[in-house]
Amino acid sequence: MSRQQLAIHGGPKTKTTPFGTGKRFGEEELNELRETLEQNTLFYHFGKKTKQFLADFNDMFNVKHSVATSSGTASIHVALGAAGVSAGDEVITSPITDQGTVVGILYQNAIPVFADLKPYSFNLDPRSIEKKITAKTKAILVVHLAGNPCDMDPIMEMAEKHSLKVIEDCAQSYLTRYKGKLVGTIGDYGCFSTNDFKHISTGDGGVVTINSGVEADYQRAHAFADKNYRRFDDQVSKDIHYLAPNYRMTELQSAVGIAQLRKLQSICERRHQHGQMLGEGLKEIKGVFPMEVSEEDWCTYWFYMFRLDMNVLGCTNVEFSEALAAEGIPNAAGYIPKVLYEQPMFQNKQAYLHTTYPFNLSDVDYSQGSCPVAEEILTSAIRVNVNEFFTKADMEETIAAINKVANHFANIKVTEKIE
Ligand SMILES: *Cc1c(COP(=O)(O)O)cnc(C)c1O
């Protein structure tokens, strides 16, 4: 049996030791939680923990204002509401993202418009965004996918030119830097998630940064996360002028968040190292395209995704994924099952039962082929995990396994060509 025989065909497995693991929560979180319960209130406006969590967050990101919320999805909705996105407005965003990116758009009765992506960074292509701008466009909702920043300079220029708001979805991109600048501080709003799968967790939760530095902008966002109650220091106003949901963070989540924030820098550094290592390793392998990360940027790898060169490999990404899994490397073919606009909600243009509103306000095109690069990414990509607890050996073995599987499928392609 050849040493290079795939494990899926009965050959030796590349990775035989378990990936590094560790505890995400410890005494630090417990101490914060104990103090919180001793406050005898878990309400953000009465307790100290949410205020502390946000003060720490603001320090770390060097922003003046932020608001705590109940989820990343909520953070994005708060930003949209505060930005004044409303019925019939169009918001340009990415078709490869968590569904939470678009939920708030539709709850504001605005219309998601999908722009195409760059083939190897999987982030919005500014040229495609420009083509999607219409008289109805109100905002660009950029997604910094997998810890890798979008190309913000042309996007900010375009937004200025067309008077559009820019909202950054940073749920997967803590401490990511675009040309030295932290993402989430470049556009008008930066939206973060602390759900249990992100770099840091409070169970569920989120943060919105308000980057204008203007007090009124901050207050509008703050109120939008709290039923439009206006609770500032000793002043509380419960006059209801506009509709807003209750997306408040509790003191328990903030307590855990305080302790988690202290670990964030080192979590991001380790993820950066691991992701960079994969990138370097994959550069040497024939038949795969590494994830494109600019030298000027700092990526904090929520996951690592690469693409297969179908001209070199005689396999689908599903076949590659299965072979790689058998080598002992957990992975997935693609990311989300299909681009967002191929989901029934968009194909049927129906978000709510019994009405096609707000889709009927727009003639937006959700047909297959409307973002061809994004569609191609999902059928040719392989996603592997990155985690702060992994070791250098874990990464080396991951690279070795990818190399082995790629070589195998490259040989099949060569044989097919000869036949
Ligand atoms: C996780 C995620 C969200 C939603 O965050 P929740 O806290 O789960 O609501 C939004 N956008 C992206 C890109 C995400 O990864």
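The largest nonpolar core of this predicted model holds 120 residues. A nonpolar core is here a set of buried Ala, Val, Leu, Ile, Met, Phe, Trp, Tyr and Cys residues joined through side-chain atoms within 4.5 Å. Buried means under 20% relative accessible area, exposed over 50%, and partly exposed in between (1.4 Å probe, protein chains only). The residues with the most contacts inside the core are Ile96, Tyr304, Phe306, Phe320, Leu324, Tyr335 and Phe346. Helix H12 (residues 392-418) contributes the most to this core, with eight residues. Helices (H or I, at least four residues) and strands (E, at least two) are DSSP runs, numbered from the N terminus. In soluble globular proteins, nonpolar side chains tend to be buried together.

Phe320 touches Phe306, Leu308, Leu313, Cys315, Ile382, Ile402, Val405, Ala406 and Phe409, when residues up to four places away in sequence are not counted. Contact denotes heavy atoms within 4.5 Å.

The model is predicted; local features need pLDDT of at least 70, side-chain atom pairs count only at pLDDT 80 or more, and totals for chains, interfaces and linings use all residues. Residues are numbered from 1 along each chain as its sequence is written, and side-chain values use heavy atoms, with hydrogens and water left out.

The ligand is surrounded by 13 residues, each with a heavy atom within 4 Å of it. The closest are Gly72, Thr73, Asp169, Ser193 and Lys198. The shell comprises two nonpolar, eight polar and three charged residues. Ala, Val, Leu, Ile, Met, Phe, Trp, Tyr, Cys and Pro count as nonpolar, Asp, Glu, Lys and Arg as charged, and the others, Gly among them, as polar. A polar backbone atom of Gly72 lies 2.7 Å from an oxygen atom of the ligand. For a polar side-chain atom of Gln172, the distance to a ligand oxygen is 2.8 Å. An N or O atom in the side chain of Lys198 is 3.1 Å from an oxygen atom of the ligand. The protein covers 92% of the 380 Å² of accessible area that the ligand has on its own (Shrake-Rupley method, 1.4 Å probe).

Gly72 also belongs to helix H3 (residues 72-82), in which ten of eleven residues are buried. Among them are Ile76, His77, Val78 and Leu80. Just after H3, Gly84 takes a positive phi of about 85°.

Ser201 lies in the loop between strand E8 (189-193) and strand E9 (206-210). Ser201 counts as buried because its relative accessibility is 1%. Beyond its neighbours within four places in sequence, Ser201 contacts Arg24, Phe25, Thr194, Asn195, Asp196, Val256 and Gln260.

Key
A polar contact is a pair of N or O atoms within 3.5 Å; within protein, one must be able to donate a hydrogen and the other to accept it, and residues adjacent in sequence count only if both atoms are side-chain atoms.
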